[in-house]
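Please find below my notes on the model under discussion. They are meant to be read alongside the sequence and coordinates.

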Amino acid sequence: MKLAEIMTTLSRGDLTKLPVDALQAARLQWPELLPVIDELMQRFIVKEELTDPESNLLFFGLCLIVDRKQYSCFDSLINLTNKDDCNSPLEVLLGDFIASDLSTAYYILAEGKPEQLCLLVNSDQAGEIVKMSALSALFSQLHTGQIDRETLNQSVPGFIENLLKSNHSIALFELINLLISNEFNQYHSQFVGYVKSKVIDEGPAENQCIIDWDNQSIGYSEWESGLISGDYDVIDSLSQWAGFNSESDMNDDDLMAVFDDLMNTPKELDDSYFENLDAKQPFIADIQAGRNDPCPCGSGKKYKKCCLN
């Protein structure tokens with residue numbers, strides 16, 4: 001497959017199956033494709049304005065940067081993601097990659113260097129999930145011996161201050177998870193004080209976990225769980241996404257029919273309405289998942305970032 005055909009295929013917005021052949025060919029011609037992807041990255045960093053085909057190509061290009069371990073692109077990835085990640089151009093560009101694979105991308109491309117990740121956590125521009133991903137990558141560096149405890153510990157007070165100031169409560173709770181699972185017990189009393197003074201109020205169960213501190217339902221290692229890895233295979237990873245998963249038995253027409261039913265549901269329903277619905281039963285996993293466990297739906301994301309809510 002020639003480079004032009006690869007780019008055309010990866011630029012398409014109507015893909016219902018993962019373009020495996022194009023991705024395999026892109027790996028083989030990566031030196032020729034990389035300058036194109038880098039140019040798109042720089043344009044997005046500056047203006048966040050790309051055409052739909054350019055955005056599609058950049059998405060696959062970013063995945064390939066991680067797949068190919070293109071360490072020279074790490075600074076550009078940091079700059080590209082140092083933005084709001086909710087209802088934003090970045091969210092449109094990366095989609096579920098932000099929640100499922102960004103932490104692995106940071107971990108791989110950082111090569112054990114924590115400085116840029118620390119700056120991202122403390123950034124006033126970065127979104128909450130971006131900060132969570134950077135935190136997960138940093139503590140994975142600790143787990144694999146790429147950063148020592150003292151070096152990481154020096155940054156923790158700044159992380160806490162920034163996340164409180166930014167009102168990024170979910171990212172702050174992620175930091176608490178990581179501190180507990182990695183036994184940074186010197187912060188226990190500080191967070192108990194925050195709970196008692198209502199500076200932090202994550203709900204009864206979460207607040208009690210903070211007070212207990214050693215509760216294994218909260219202490220959690222993404223590295224040990226496999227949610228962060230030192231290797232990334234773009235084909236294996238994206239093949240798990242629902243949009244590229246051919247095993248789903250509901251096509252677009254089925255999904256739109258269900259959506260139309262929901263939008264046109266009468267305010268007052270009786271049993272006959274539901275009896276007349278010809279809808280497939282949803283999959284219900286017989287699994288009790290914790291907040292930080294992989295979601296039982298198979299999305300590859302954490303339960304708390306997926307089906308918990």
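1. The model is predicted. The protein chain contains 18 helices and 0 strands. Of its 309 residues, 45% are buried. Among contacts with a separation of 6 or more, 69% join residues 24 or more positions apart.

2. Helix α2 (residues 20-28) has Ala22, Leu23, Ala25, Ala26 and Arg27 as its buried residues. These pack against α1 (3-10), α3 (30-47), α4 (52-67) and α16 (234-238).

3. There are 6 aromatic pairs in the structure. One of them joins Phe97 and Tyr232 edge-to-face, with 6.4 Å centre to centre and 85° between the planes. Phe97 belongs to helix α7 (residues 97-100) and Tyr232 to the loop between α15 (222-225) and α16, so the pair ties together parts 135 residues apart in sequence. Phe97 is buried, at a relative accessible area of 2%; Tyr232 is buried as well, at 9%.

4. Phe191 and Tyr194 make another edge-to-face pair, at 5.7 Å centre to centre and 80° between the planes. Both residues sit in helix α13 (residues 188-196), 3 residues apart, so about one helical turn separates them. Phe191 and Tyr194 are both buried.

5. Phe59, Phe60, Phe97 and Tyr232 are linked into a cluster by ring pairs.

6. Arg149 is placed over the face of Phe184, 4.2 Å from the ring centre.

Methods: Residues numbered from 1 in each chain as written. Predicted model: local features only at pLDDT ≥ 70, side-chain atom pairs only at ≥ 80, totals over all residues. Heavy atoms only, no water. Helix = DSSP H or I, 4+ residues; strand = E, 2+ residues; numbered from the N terminus. Buried < 20%, exposed > 50% of the residue type's maximum accessible area, 1.4 Å probe, protein only. Contact = heavy atoms within 4.5 Å. Phe/Tyr/Trp six-rings, centres within 6.5 Å; stacked < 30°, edge-to-face > 60°. Lys NZ or Arg CZ within 6 Å of the ring centre and 35° of its normal.
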